[in-house]
Amino acid sequence: TRLQSKIYNSLGEIYSNTLRKFPGRSRIDLENRLKYIKLAQYQFKRAKSYDTQNYKAYLNLGDLYYRGGKELFKPSSNIVSRDSNFHLDMAKREYESGIAIASNIENANLKLKPSIYYNLGYIYYKKIKDYTKASDLFRRAFLATGRNSTPEINTALGLAYLRGNQPDLA
């Protein structure tokens, strides 16, 4: 079942990467984006169902919700009380599950992408307003880059330190 999980996760990654082909705002691009978001979501969920320890499926689903969640979870007439940033709650849940599973793996060479920590830090910064947790996650993103950071990570880290009453670190 691990092999099946890896296969479904790989299919989800293919569908997720295909989203880049539809960056426009035309009706056709939007329809195709939604179609591929749903296909990727289905594959990542299948991967999780076959192997609940496949951390990549959780992290990929978190990425999908983070990047495409507003389209996937558009409020409909039967759901009126949903928060407009509901997708960030879903992304947070998947990211945290994936990171927890990955941290239990004994492979010391396991390195998560900086974007995982950055995106989760953004959720804590913008939605939850937990600046201490956000600064910790931005710091982890900085370290995951091999100290060859991007301006976005540096700025986010500094702002989180400032908001978290740690101006000496900013």
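1. Contact is used here for heavy atoms within 4.5 Å. Leaving aside neighbours within four places in sequence, E13 is in contact with F44 and N60, and its side chain makes a polar contact with the side chain of N60 at 2.9 Å. A polar contact is a pair of N or O atoms within 3.5 Å; within protein, one must be able to donate a hydrogen and the other to accept it, and residues adjacent in sequence count only if both atoms are side-chain atoms.

2. This is a predicted model, in which local features need pLDDT of at least 70 and side-chain atom pairs count only at pLDDT 80 or more, while totals for chains, interfaces and linings use all residues. Residues are numbered from 1 along each chain as its sequence is written, and side-chain values use heavy atoms, with hydrogens and water left out.

3. E13 lies in helix α1, as does S5, the helix covering residues 2-18; helices are DSSP runs of H or I with at least four residues, numbered from the N terminus. E13 is partly exposed at a relative accessible area of 30%, whereas S5 is buried at 0% (buried means under 20%, exposed over 50%, partly exposed in between, with a 1.4 Å probe and protein chains only).

4. Not counting residues up to four places away in sequence, S5 touches A47, Y50, D51 and N54, and a polar atom of the S5 side chain lies 2.7 Å from the backbone oxygen of A47.

5. K129, in the loop between α5 and α6, has a positive phi of about 60 degrees although it is not a glycine.

Terms used: Helices (H or I, at least four residues) and strands (E, at least two) are DSSP runs, numbered from the N terminus.
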